Amino acid sequence: VAIVGAGPSGLYAADGLLAATQLPVEIDMIDRLPTPFGLVRYGVAPDHPAIKSVARTFEEILAQPRLRFLGGVEVGADVSAEDLRLCYDAVIYATGAPLDRKLGIPGEGTPGCCSASGLVSWYNGHPDANRDVRLDARSVAVIGAGNVALDIARMLARPARDLKSTDVSPRVLDEFRRSKVERVYLIARRGPDAAKFTPKELRELGAIASLDRVVHAGDLAGLDPAASADRRVKANLELLGRWAASAPSGQPRRVEFRFWTRPVAVIADDRVRAVQLSRACDGHVTESLDVDMVVSAIGLRGCPVPGVPFDAARAVIPNREGRVVHPDGSAMAGVYVVGWAKRGPTGVIGTNKADALETVASLARDYQDDRLGERARGSIEELLSARSLDLMGVAGWRNIDRAESELGAREGRSRCKIEDWQALRELASGRGPLNGGGIKSEATR
Amino acid sequence: MTFVISQLCADVKDKSCIVQCPVDCIYEGERSLYISPDECVDCGACEPACPTEAIYHHADLPAEYSAALSSTHSFFFDPLPGRTEPVGSPGGFRKVGPLAADSPFVASLPTPPS
């Protein structure tokens, strides 16, 4: 089985397949990056080391002898979906939701506007991230009301010394040290009761001592925490209510919540000057907020894989219980999907476990009923070597992992990210087994 | 401390939370489930999964369930009845399976009428 994407959902699918005793399975985990763990490495905020430590569980999955990691292979560019179908009995797509939803307003795209994924991949040291991010804005508008928006607001609001113990690259740490950010506005289209962030994340904002939190009492009008049936909403409203009741104490930075408000236009010349906001249903401008930077964090979208059906409206790979289906509703034999590519960008890391188990159950049933379709008749090794692709396996990742730990140790932290493609490639291309167990040789496949 | 399971789980043990936990840190005792405070990564996946709303972040734990803190600690770090060693941090529930014992607090809860 090939699993495309070595993030949480792909890893849980691998774990599920390997645990299914009725399946004599061998897995190739394919990723375009030489590093596994997807958004745990490149999405989870650096100041959330506990959540990033889920990587320990993923290392155990990766170390299983019946699994190989094939890093540095991009499906759709280096190999096609058809190639994979030829080389494997089944293919599971775990390609996530890497694209940003656009605001769709005038001025979006001028220098000083950036997307959530652009900023998040920058501070997480993704090798494809734009390295030119500068935190030279005094006022930043973050558009969105989910945990991604809150992560970004918190990262921008945190004093740089808080990041000294994290895994961010020296370049990113330096930029946070130079940050001129004083105000962060969180712009949410709907009310505080509809905000998607969790009380735990909101509370973290409350734990930053050098930060004022501003909530406008009017935004909370008519919302009684006690009347809320949802525990999450109740806790959010209580916390926001406390902040609304307390006056700012002149801290160096401030996060200000603006609910019931949406952006109408970004005003810019050579750079962002303001964002025009509307509190009205008809969209007429009710306020112009002076800001130097606009970050849109209003959601993510799946990305089509050439040769695999795609539901453009929902931005997911259409499926029934993880079986990929054609537009006419018929199942595509031997092709499956998990995670955000399957259900859209919802839930937390753990949500992918149950999601992956559903797909694994579908695959196991199809295997038992002999419905996987045409069996593998090509060799991935031959195909990759014919295309002169540099294979970066688990040994390559271990080299990167070790190098990052050593860099971190020099600075008194557990890890320091390497963000340069060239350096990652050189570390990862060192010879070594592709699988963690080091047991299975090429010849036995 | 991270997320904790209150006495609302006792004799219910729905286990939906176990499926959601990304690091397999929710352990099954005789009458209740317990979250390993050492192994929990604080992600919050379990909390909305619980149909009896037994799971709380420790900072949100209502006073009437405060016993969950010491109960959890005792389950993992004191030897359970019939054992000489504490459970500790085995690195995942799947590695040890269900444990036929409870913390003294959970064991002392009245059993529901059958």
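Is A:S9 buried or exposed, and what is its relative accessible area? A:S9 is buried, with a relative accessible area of 8%, where buried means under 20% relative accessible area, exposed over 50% and partly exposed in between (1.4 Å probe, protein chains only).

The model is a predicted one, in which local features need pLDDT of at least 70 and side-chain atom pairs count only at pLDDT 80 or more, while totals for chains, interfaces and linings use all residues. Residues are numbered from 1 along each chain as its sequence is written, chains are lettered from A and ligands numbered from 1 in the order in which they are written, and side-chain values use heavy atoms, with hydrogens and water left out.

View 1. Helices (H or I, at least four residues) and strands (E, at least two) are DSSP runs, numbered from the N terminus. Leaving aside neighbours within four places in sequence, A:S9 is in contact (heavy atoms within 4.5 Å) with A:A94, A:V338, A:G339, A:N352 and A:A356. The C-alpha atoms of A:S9 and A:W340 are separated by 7.9 Å, although these residues lie 331 residues apart along the chain.

**View 2. The buried residues of helix α4 (residues 55-62) of chain A.** The buried residues of this helix are A:A55, A:F58, A:E59, A:I61 and A:L62. Seen down the axis of α4(A), they fall within an arc of 160°, so they line one face of the helix; the arc is that of the directions from the helix axis to the C-beta atoms. An α-helix has 3.6 residues a turn, so residues three or four places apart point the same way. The cover over the buried residues of α4(A) includes α1 (8-19), α2 (38-42), α3 (49-52), β3 (67-71) and α14 (394-410) of chain A.

**View 3. The contact between chain B and chain A.** Chain B contributes 20 residues and chain A 18 residues, and the two chains bury about 1600 Å² between them, 48% of it on carbon and sulfur atoms. Buried area is here the accessible area (1.4 Å probe) that two parts lose on being put together, summed over both. In chain B, B:V19, B:P22 and B:V41 lose the most area to chain A, together 30% of what that side buries.

**View 4. A:R231 and its salt bridges to chain B.** A salt bridge is a side-chain nitrogen of Lys or Arg within 4 Å of a carboxyl oxygen of Asp or Glu, and 5 salt bridges are counted between chain B and chain A. The side chain of A:R231 meets that of B:E47 in a salt bridge (3.0 Å, N to O), and it also meets that of B:E53 in a salt bridge (4.0 Å, N to O). The latter pair crosses between chains, from A:R231 in helix α10 (residues 231-245) of chain A to B:E53 in the loop between α2 (46-49) and β4 of chain B. B:E53 counts as partly exposed, at 38% relative accessibility.

**View 5. The salt bridge of B:D11 and B:R31 within chain B.** The side chains of B:D11 and B:R31 meet at 2.7 Å, N to O. This pair links distant parts of the chain, with B:D11 in the loop between β1 (3-5) and α1 and B:R31 in the loop between β2 (26-28) and β3 (33-35), 20 residues apart. B:D11 counts as partly exposed at 35% relative accessibility, whereas B:R31 is buried, with a relative accessible area of 11%.
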